[in-house]
Amino acid sequence: MKVAGDWLSRPQTQAVCAALTGAGYRALFVGGCVRNALLGLAVGDIDIATDAPPETVSELAEKAGLRAVPTGFDHGTVTVLSGGIPHEVTTFRRDVATDGRHATVAFGSLEDDAARRDFTMNALYATPEGAVIDPLGGLPDLSARRVRFVGDPAARIAEDYLRILRFFRFHAIYADPGTGLDAEGLAACAAFSAGIETLSRERLGAEMRKLLAAPDPAPAVAAMQQAGVLHRVLPGADARGLAVLVHLEAGLPPRWLRRLAVLGGADAGVALRLSRAEARDLGVVRDEIGAMRGAAALGYRLGEALAADIVLVRAALLESPPADGWQAAILQGAQAVLPVTAADLMPGLQGPALGARLREIEDRWVASGFTLGRDQLLG
């Protein structure tokens, strides 16, 4: 079996491989680039595994006119920039010790390197020519769209508790939607869920963003809740509205923050280390869920994106589709321009009185469905 694609054949990437293989070392594409190429999906990051020590990788890269950056030198990783394209080159390694967050590694063989990876579909390698190497029998799992831990799930999770969340994320993105989660892996995630609380909130937030951005994360998030994982990440969250929301979103681009809003939970801004802007938007959506403002008013006050989030989240939690024409109403509101300006009220009104009068006029205009004209509003 072979992989192919512009990502593999481009001269910049082949130059990195040639710098290693020309000196007698191996250069094997690994992980996501191989997995996605085999699935016919877009390839993003390029990871290369090698038997060359990191010092040698740096020397060979510089000798070939490439730039080497020691981004993870202690763990054997050197980022090699070729034509501005980053390639993560990591020496074959094995874990010597781990506390569930950080690992001490030693350099090893291809077999050692494959054995320390999280899922079998990520333990696939390819030569610079595209020939696939499958040391652990991951190809059948990939073909079946089955997310399965490498070896003992408990051992893999103990190496890094973030793999619990990755298990659910990978299921949401790569698994056959007609099949359930791997039973052994799910049981291990449930058994070790307390380890999630040792992870940084930044790492949890990054994983949840990716999970909730999947085409349909509802089954995976429901399984997280049943396994006792979701409340470790976001206390008080409830996944029941997510499947309804995904159904209502049909034809619309997914927005992870909208999906987070429907989960609820206590203080997601802190729990997931959201940015200030993200926390503000999430708060706006949640505050408006029980309010009475219609789609057009929401579009005017908050803009198209947040207004759509509120309408959809509200409908999902009420388990009732939004009113017909809601998208057109949001657009109408978002494009509406108040026909009265402050200048129309001056010099008769100044300061706070001017602001109060302008707000009163605006409220009447919005309540009229944007139908009142300038003269009516000033009369």
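Which side chain meets that of R148 in a salt bridge?

1. The partner is D141, and the separation is 2.8 Å, N to O. A salt bridge here is a side-chain nitrogen of Lys or Arg within 4 Å of a carboxyl oxygen of Asp or Glu. D141 is buried, at 2% relative accessibility, while R148 is partly exposed, with a relative accessible area of 30%. Buried stands for under 20% relative accessible area, exposed for over 50%, and partly exposed for what lies in between (1.4 Å probe, protein chains only).

2. The model is predicted: local features need pLDDT of at least 70, side-chain atom pairs count only at pLDDT 80 or more, and totals for chains, interfaces and linings use all residues. Residues are numbered from 1 along each chain as its sequence is written, and side-chain values use heavy atoms, with hydrogens and water left out.

3. By the salt-bridge rule, the count is 24. Side chains of opposite charge can pair when their charged atoms come close.

4. R258 and D309 form another salt bridge, at 2.7 Å, N to O. R258 belongs to helix α14 (residues 256–263) and D309 to helix α18 (residues 304–318), so this pair ties together parts that are 51 residues apart in sequence. Helices are DSSP runs (H or I, at least four residues), numbered from the N terminus. Both R258 and D309 are buried.

5. A further salt bridge joins the side chains of E288 and R293, at 2.5 Å, N to O. E288 is buried at 9% relative accessibility, whereas R293 is partly exposed at 32%.

6. Salt bridges with shared partners link E249, R255, R258, R259 and D309 into one network.

Technical notes
Helix = DSSP H or I, 4+ residues; strand = E, 2+ residues; numbered from the N terminus.
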